[in-house]
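Subject: Structure for your review

Dear colleague,

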Amino acid sequence: MATTTQPGRPTPELLAALRQGKATLRRERHMLSLPEKVRAVIELQRACLPLLARQRTPRPWERVWDTDT
Amino acid sequence: MTGFAIALAALNEMKAAGALRDYAVSGAMALVFWTEPVATYDLDVLVWLPASEGPIVSLRDVYGWLAARGWNAHAEHVLVAGVPVQFLPAYDALADEALTTAATLDYSGVPVRVVRPEYLVALYLEPQARTAKRRERAAALCEDPGFDHQLLQDIMMRFHLTW
């Protein structure tokens, strides 16, 4: 019987560091100024709308805001 | 002034003009004010409309005020300076309280009333509003260090809400 090589697993330390990094990212985004947050929302709209459009037809209001934030 | 600030300023102008009695930003954009940016496509605004003669609530005057400035309604939204805005008349006692207790924040020099995070969570937990996405957003709000868990407990008890 052929044996399969198990893929390498991340160490608990690496997993903890990755999770910590995610928490840090969220904390940094939390600390953004309000105009920076609104700019981030518009960037998220740009990123998410094509993904949404692959699942269903976007509703009329589901579009990237036509504003310079 | 940027488009988003123009949309917020329009809310204040509507209140000053009497087209609205009061308003508070709610929904995902209110969450953005309190926590981190999330993907959302519209600006939800909880409103009290001026007293009407009959029991039927109508957004006609709100839409009319906006249309006079070139911002027209499309289905349930009005595109104000590039931002789709949805006006939601306060629909129950919890919404009234969320509006009454809203915080006044500053966006690029524009004062804006925003539903407090504890009330946002409570609104998300109302039976008619509960979705997986909203519960997730409610949980994110609760993680904020400044979140008042005691206040949320009080609101949940008074309005018979559960997780």
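Which elements of chain B each supply at least two residues of the lining of the second largest pocket? They are β2 and α3 (60-67). Please bear in mind that this is a predicted model.

The second largest pocket holds about 320 Å³ of space. It is lined by 16 residues, and Leu49(B), Pro50(B), Ser52(B), Val57(B) and Ser58(B) are the closest to its centre. With three residues, α3(B) provides the largest share of this lining. By residue type, the lining of the second largest pocket comprises eleven nonpolar, two polar and three charged residues.

The largest pocket contains about 890 Å³ of space. Its lining is made up of 31 residues, and those nearest the centre are Asp42(B), Asp44(B), Lys133(B), Arg134(B) and Arg137(B). Two or more lining residues come from each of the following elements: in chain A, α2 (34-55), and in chain B, α2 (27-34), β2 (43-48), β5 (83-89), α5 (117-125) and α6 (132-142). The largest share of the lining of the largest pocket is the four residues from α2(A). The lining of this largest pocket divides into 15 nonpolar, eight polar and eight charged residues.

One element deserves attention when you inspect the two sites: β2 of chain B gives two or more residues to the lining of the largest pocket and at least two to that of the second largest pocket.

Yours sincerely

Definitions and conventions: Residues are numbered from 1 along each chain as its sequence is written. Chains are lettered from A and ligands numbered from 1 in the order in which they are written. This is a predicted model: local features need pLDDT of at least 70, side-chain atom pairs count only at pLDDT 80 or more; totals for chains, interfaces and linings use all residues. Side-chain values use heavy atoms; hydrogens and water are left out. On a 1 Å grid over the protein atoms alone, a cavity is a set of points where a 1.4 Å probe fits but cannot get out, and a pocket is an open set with protein on both sides within 12 Å along at least five of seven lines; lining residues have an atom within 4 Å of a point. Grid points are joined across faces, edges and corners, and a volume is the space filled by probe spheres set on the points. Ala, Val, Leu, Ile, Met, Phe, Trp, Tyr, Cys and Pro count as nonpolar, Asp, Glu, Lys and Arg as charged, and the others, Gly among them, as polar.
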